[in-house]
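Visitor: I have not looked at this one before. Can you walk me through it?

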Amino acid sequence: MRTKFKEFCEKEHASENIEFYEAVEDFTAAVANPDFSVDDLKRKLTEIMDTYVTSTAPKLINVSHKQSEHLVEENRRIQNDPQVTRDDFRQVFAESRKSIEDLIVKDSWRRFRVSAAFPTAVKGKLKNDYPV
């Protein structure tokens with residue numbers, strides 16, 4: 001289902017939100033995984049910022065200016081803090097993730113549900129759960 005939804009979003013030129021959501025899911029899993037070092041987490045954070053949040057991001061997500069500034073500040077603080085710990089990463093994306101999730105559910109998911117692609121995605125099963 002998620003694959004079909006992502007394909008739909010790509011056709012609608014709205015895939016950056018679901019891709020950001022998945023990147024944040026991956027980041028959250030990395031934060032919880034002790035195999036990832038603080039330096040690994042800093043790199044992943046920078047990659048997400050550069051891809052989805054900064055003003056020059058190729059896949060800029062639709063979050064408020066306030067949220068964007070908060071993310072940039074958090075990234076700057078984490079990157080420059082030699083005492084940063086794993087706990088500093090845990091809530092970085094909490095607000096923006098929720099905003100993007102709401103946007104996906106209220107916009108992209110709603111359009112997907114009424115599209116011709118939806119019946120193919122469920123293959124005869126009615127699924128009311130959201131892909132996020």
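Guide: What follows is a short tour, from the overall fold down to single residues.

Visitor: What should I know before starting?

Guide: This is a predicted model, in which local features need pLDDT of at least 70, side-chain atom pairs count only at pLDDT 80 or more, and totals for chains, interfaces and linings use all residues. Residues are numbered from 1 along each chain as its sequence is written, and side-chain values use heavy atoms, with hydrogens and water left out.

Visitor: How many helices and strands are there in the protein?

Guide: There are six helices and zero strands.

Visitor: Where is confidence lowest, and where is it highest?

Guide: Helix α6 (residues 117-122) is lowest with a mean of 80, and α3 is highest at 97. For the protein, the mean pLDDT is 89, and 93% of residues reach 70 or more. pLDDT is the predictor's confidence in each residue, from 0 to 100. Where it is low, the predicted coordinates should not be read in detail.

Visitor: Which residues of α2 are buried?

Guide: Among them are Ile 18, Phe 20, Tyr 21, Val 24, Phe 27 and Val 31. Buried means under 20% relative accessible area, exposed means over 50%, and partly exposed is in between, using a 1.4 Å probe and protein chains only.

Visitor: What covers them?

Guide: The cover includes α1 (2-11), α3 (38-53) and α5 (94-113).

Visitor: How do α1 and α2 cross?

Guide: Their axes come within 7 Å and cross at roughly 135°. The two helices are therefore oblique to each other. Axes are lines fitted to C-alpha atoms, for helices over the stretch in contact, and angles run from 0 to 180 degrees between N-to-C directions. Angles under 35 degrees count as roughly parallel, over 145 as roughly antiparallel, 65 to 115 as roughly perpendicular and the rest as oblique.

Visitor: Which residues meet there, between α1 and α2?

Guide: On the α1 side they are Arg 2, Phe 5, Lys 6, Cys 9 and Glu 10, and on the α2 side Ser 15, Ile 18, Tyr 21, Glu 22 and Glu 25. Contact means heavy atoms within 4.5 Å.

Visitor: What about α1 and α5?

Guide: Their axes come within 10 Å and cross at roughly 95°, so α1 and α5 are roughly perpendicular. Phe 5 and Phe 8 in α1 are among the residues that meet α5, where the partners include Trp 109 and Phe 112.

Visitor: Those are aromatic names. Is there a cluster, or what?

Guide: Phe 5, Phe 8, Trp 109, Phe 112 and Phe 118 form one aromatic cluster. A search of the whole structure finds ten aromatic pairs. Rings of Phe, Tyr and Trp (its six-membered ring) pair if their centres lie within 6.5 Å; planes under 30 degrees apart count as stacked, over 60 as edge-to-face and the rest as tilted.

Visitor: Give me an example.

Guide: Phe 20 and Phe 93 are edge-to-face, 5.8 Å centre to centre with 80° between the planes. Phe 20 lies in helix α2 and Phe 93 in the loop between α4 (65-80) and α5, so this pair ties together parts 73 residues apart in sequence. Phe 20 and Phe 93 are both buried.

Visitor: What else does Phe 20 touch?

Guide: Ser 96 is in contact with Phe 20, and also with Val 63, Gln 67 and Leu 71, leaving aside neighbours within four places in sequence. Ser 96 lies in helix α5 and is buried, with a relative accessible area of 3%.

Visitor: Switching topic: is His 13 buried or exposed?

Guide: His 13 is exposed, at 69% relative accessible area. His 13 sits in the loop between α1 and α2, and has a positive phi of about 60° although it is not a glycine.

Conventions:
Helix = DSSP H or I, 4+ residues; strand = E, 2+ residues; numbered from the N terminus.
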